[in-house]
Amino acid sequence: MENVTTSPILDSAVKPYVRPRRLRATPALRELVRENRWSARQLVLPIFVREGISEPAPITSLPGQFQHTVESAVALGREAVEAGVGGLIVFGVPAEENKDELGSNAWAEECIANQALRALRAELGEDIVLMADTCLDEFTSHGHCGPLTESGDVDNDAAVACYQKVAVSQAEAGAQVVAPSGMMDGQVAAIRAALDEAGFDDVAILAYSAKFASAFYGPFRDAVGCELNGDRKSYQEDPANRREALYETELDIAEGADMVMVKPGSSYLDVLSDVAEVSPVPVAVYQVSGEYAMVAAAAERGWIDLERIVDEQLTSFVRAGADFILTYWALTAARF
Ligand code: PBG
């Protein structure tokens, strides 16, 4: 062989018989030596449930995704179970008249998210892990993740007090996992205390620990009808900060998070890898709405191969260290 690979990293004496290509020769060989793979069981499907509709409503910026009625959410949940999907995470979209400054509908026993959780739990039992996004932005009139101070900033401790009520109401409705996504300081410890106090010491917390102030959340705001004035930069992390993401994650673990999350996914694989390296608890990643929309749009135009791209992205999350993945592709991918 003429072209022997030389590497400045390896010892200079790379022998001509060293040929990594040998193990790439056939599909069977490649399968055998594959280092990372994902399975449907590791995927969590986000479900949007909207109050006041009688038919599922397509979400324009998330082709193939819908705002569901409670009934259609249950039907989707059943399909997910049949396809072997590992979990569901519920987002509520209340009617406009149920939004207020506090987002108080979020912890109403009969808010749309809690209705959906109850129905899903009753229909699906323990066949799939039922999670709830624990936040207020869908329910506040101003679209922020908590009540505002006089000056217009989000009031950290007031928000946390609301999250405690939301989490308890979600546990009562049947959520096995609550997932605080508001990025308020101290939210995990406070929610843990509130759950325990209410007798829900078996309900787990999936902390959105390293959640960045990302433009990739664009389509989600359509999905939940959130018209945000301004941005979330005073509570979500700066996309430039890698070290801070570890700090936030460590704080959440110290506060009692059962699982931690990095969000978004594709542009934050370095962060995911850092977190996975040190975390003593399971690590999730959220492939967010904008990531989904970009792939869906390009695939629609025939510019990329949807199945291969999604497989490659999911594999890359596992390769970076994710134990499970929240993705709008969950059902599609489970059926590959
Ligand atoms: C907020 C929340 C957001 C997402 C999940 N929970 C939006 C935000 O922080 O602005 C984004 C999910 C996505 O884009 O898919 N509670």
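## Aromatic cluster

In this predicted model, a cluster held together by ring pairs takes in F48, F91, Y208, F220, Y286, Y292, Y328 and W329. A pair of aromatic rings is described by the distance of the centres and the angle of the planes. With a cut-off of 6.5 Å between ring centres, the count comes to nine aromatic pairs.

One of these pairs joins F91 and F220, whose centres lie 5.2 Å apart with 75 degrees between the planes; the arrangement counts as edge-to-face because the angle is over 60 degrees.

## Lysine over two rings

K263 is placed over the face of Y217, at 4.6 Å from the ring centre. The charged end of K263 also sits over the ring of Y286, 4.7 Å from its centre, and Y286 is itself a member of the aromatic cluster.

In soluble globular proteins, nonpolar side chains tend to be buried together. Here the largest nonpolar core has 110 residues, and those with the most contacts inside it are F48, V85, L88, L195, L206 and L326. Helix α4 (residues 156-173) gives the most to this core, contributing nine residues.

For L195, leaving aside residues up to four places away in sequence, the residues touched are A167, V168, A171, V178, F200, D201, V203 and I205.

Notes:
Residues numbered from 1 in each chain as written. Predicted model: local features only at pLDDT ≥ 70, side-chain atom pairs only at ≥ 80, totals over all residues. Heavy atoms only, no water. Phe/Tyr/Trp six-rings, centres within 6.5 Å; stacked < 30°, edge-to-face > 60°. Lys NZ or Arg CZ within 6 Å of the ring centre and 35° of its normal. Core = buried A, V, L, I, M, F, W, Y, C linked by side-chain atoms within 4.5 Å. Buried < 20%, exposed > 50% of the residue type's maximum accessible area, 1.4 Å probe, protein only. Helix = DSSP H or I, 4+ residues; strand = E, 2+ residues; numbered from the N terminus. Contact = heavy atoms within 4.5 Å.
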